[in-house]
Amino acid sequence: MSSTLKVNTLTGVSTAGSILVTGEGNSTTTSLQQGLIKAWNRLDGDASTLTSNDSFGFNVSALVDGGEGRYASTFTSVMANAHYAISVTGDLGSSGRWFGIIKGTSNTTKINTVIYDHNAGFADSDPTMMLVAGDLA
Amino acid sequence: MSTLNVDALVGNSSANAITVRGEGTATTSLQQGLAKQWVKFQADETMLDNFNTSSVADINVGKFQMTRTANLASANYTTVLGVDVTDGSDSGLATAYADNGNLTTSITRVLYLSATGFGAYDADGMYTLIHGDLA
Amino acid sequence: MSSELVVDKLTGRGTSGVITVTLENSESQILQQGLAKVTANIKGDGTSNADAALNVSGVVDGSAGINTLTISNPFSAIKSAVPHMTNHDSGYNRGTAVDDASTSVFILRIFQSNSGSLLDADTDHSVTIHGDLA
C-alpha cells in the first residue's frame, strides 16, 4: 500500500532551505530547492498590447513592452543575484527567430528578453517563453 | 496549516519515486520534475552561479564544456540553453546548441553561433539548464 | 542527526496542488510550480528517448523540420504551457521553434539558421515544458 503525505509546507530541519531528494538512480541525492525552477513566463509578442498567457506565468508580476522584439518580465519575488540561469525560446515566425536576454539589463528584479530574425533585425514572436533557475533573495 | 520539517525525501515503494499532486487533478514526478543542473558562465570559464556544475572549460571559440559534480544516469537528458545578446549591436547576436557529439553522463558541451555571419562565437553570458535522471 | 521522510506521494493539505517549499535565503515558493511537467530528448529520426521522457505519450515525425510531441497528462489550458527547446547540433547552422497545437500537443520545428527555412537535419533536440497541469 502506497503512502501519501498531506502537507502545506516543506522546510529543511538542519537548514531551512535545504531538502535532499533521492534521485532516479536510487543512491545519488539532489537538492529539492535548487532543482526547482524559480520563474517562467509565456508572452504573446505579436499582440498590439504585450500580454502574458496564464496570468503572468510563475513569479512574474508585470510586463513591459520595450519595442519590437524586446520584452521585460518583472519578478514577483526577486532573485538573490543576477547570475541565474535562463532559457528563452519561442516560435519560428515566418523565417526563423533567435532568442536571448539583453546583456547587462537583466537583474535581480527583472529579465529583458530579446528576439531577432535571421537577418539580425528585431522581431516579435508569439509565443515567447522564458525560464529561470537560480536562488531567490 | 501544517509544516513538515525534514532534511530528506525518499520514496516509500521505490526510493527514487515520489509523486506530487499537480495544480489540477493530475500527478507528476517530483524527482523527474527537478532540474539536475544549471549554470551561468562566461567565456573566461568563470561560473557566476551554478547547481551541480564543478567546472566550465573553454574548448574553442564558441565551444564550452561543463562538467557535473553528480553524474546523470545516461546521455539521454534534456538540455535547454540561453544566451546574453547585446541590444542593438549586430556583433552581439548569438544562439546556442547542445553539441550532440559531446553529451555524456558527466559532461555537456555547448556551441554558440553568431546570428550574423553564422560563425562560432563567444557570447557575453551563457546559460544551461538540464533535466534528466541522476545516476 | 538528519531526518528523512519515506513517502510515495506528496499532496497539499489546504489545496491539493499547493505545497510550499522553504527555499534558500528563507524565501518560499510552490513546489508544483517549480517542477518541469514534460521533458523529452527527441532523436533526429523523430523518436523520443525513454530515459529522458517525462509525461511523453509519443512523437510523430512530420514533414521536413517538423515533429509533433504528444503528452500523456495535458496542461490546464491551451497556450498556457511554457515549452523550451534546444537543438543538439555540432554543425553551427540550426535553429529551433516550439508552439502548442492543444493542451497536449506541441509542434517542434528545426530550421536553417541562415535562411529560416524548415530543414529535416536529423538532429536531436531537447524539450522542457513548465506550466500548470490540468
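This is a predicted model: local features need pLDDT of at least 70, side-chain atom pairs count only at pLDDT 80 or more; totals for chains, interfaces and linings use all residues.
Local features need pLDDT of at least 70 and side-chain atom pairs count only at pLDDT 80 or more, while totals for chains, interfaces and linings use all residues. Residues are numbered from 1 along each chain as its sequence is written, chains are lettered from A and ligands numbered from 1 in the order in which they are written, and side-chain values use heavy atoms, without hydrogens and water.

**Strand pairing between chains**

- An open sheet of four strands, with mixed pairing, has the order E1(A)-E2(C)-E3(B)-E4(B); strands are DSSP runs (E, at least two residues) and helices are DSSP runs (H or I, at least four residues), numbered from the N terminus.
- Its edge strands, each pairing on one side only, are E1 (4–7) of chain A and E4 (27–29) of chain B; pairing requires at least two DSSP bridges between two strands.
- E1(A) runs parallel to strand E2 (residues 9–12) of chain C, and four bridges join them; A:Lys6 stands opposite C:Thr11.
- E2(B) and strand E1 (residues 4–6) of chain C are also parallel, over three bridges, and C:Glu4 is the bridge partner of B:Ala8.
- Strand E2 (residues 9–11) of chain A is joined to E3(C) by two bridges in the parallel sense, with A:Thr9 opposite C:Thr20.

**Interface of chains B and C**

- Contact (heavy atoms within 4.5 Å) involves 53 residues from chain B and 52 residues from chain C.
- The buried area (accessible area, 1.4 Å probe, lost by two parts on being put together, summed over both) is about 4,200 Å², with 56% from carbon and sulfur atoms.
- B:Glu23, B:Asn76 and B:Tyr97 supply 17% of the area that chain B buries here, more than any other three residues.
- There are zero salt bridges, defined as a side-chain nitrogen of Lys or Arg within 4 Å of a carboxyl oxygen of Asp or Glu.
- The interface has 15 residue pairs in polar contact, both residues at pLDDT 80 or more; such a contact is a pair of N or O atoms within 3.5 Å, where within protein one must be able to donate a hydrogen and the other to accept it, and residues adjacent in sequence count only if both atoms are side-chain atoms.

**Interface of chains C and A**

- Chain C contributes 50 residues to the contact and chain A contributes 48 residues.
- About 4,000 Å² is buried, of which carbon and sulfur atoms give 57%.
- C:Thr22, C:Glu24 and C:His84 supply 15% of the area that chain C buries against chain A, more than any other three residues.
- Salt bridges number zero, and 12 residue pairs are in polar contact.
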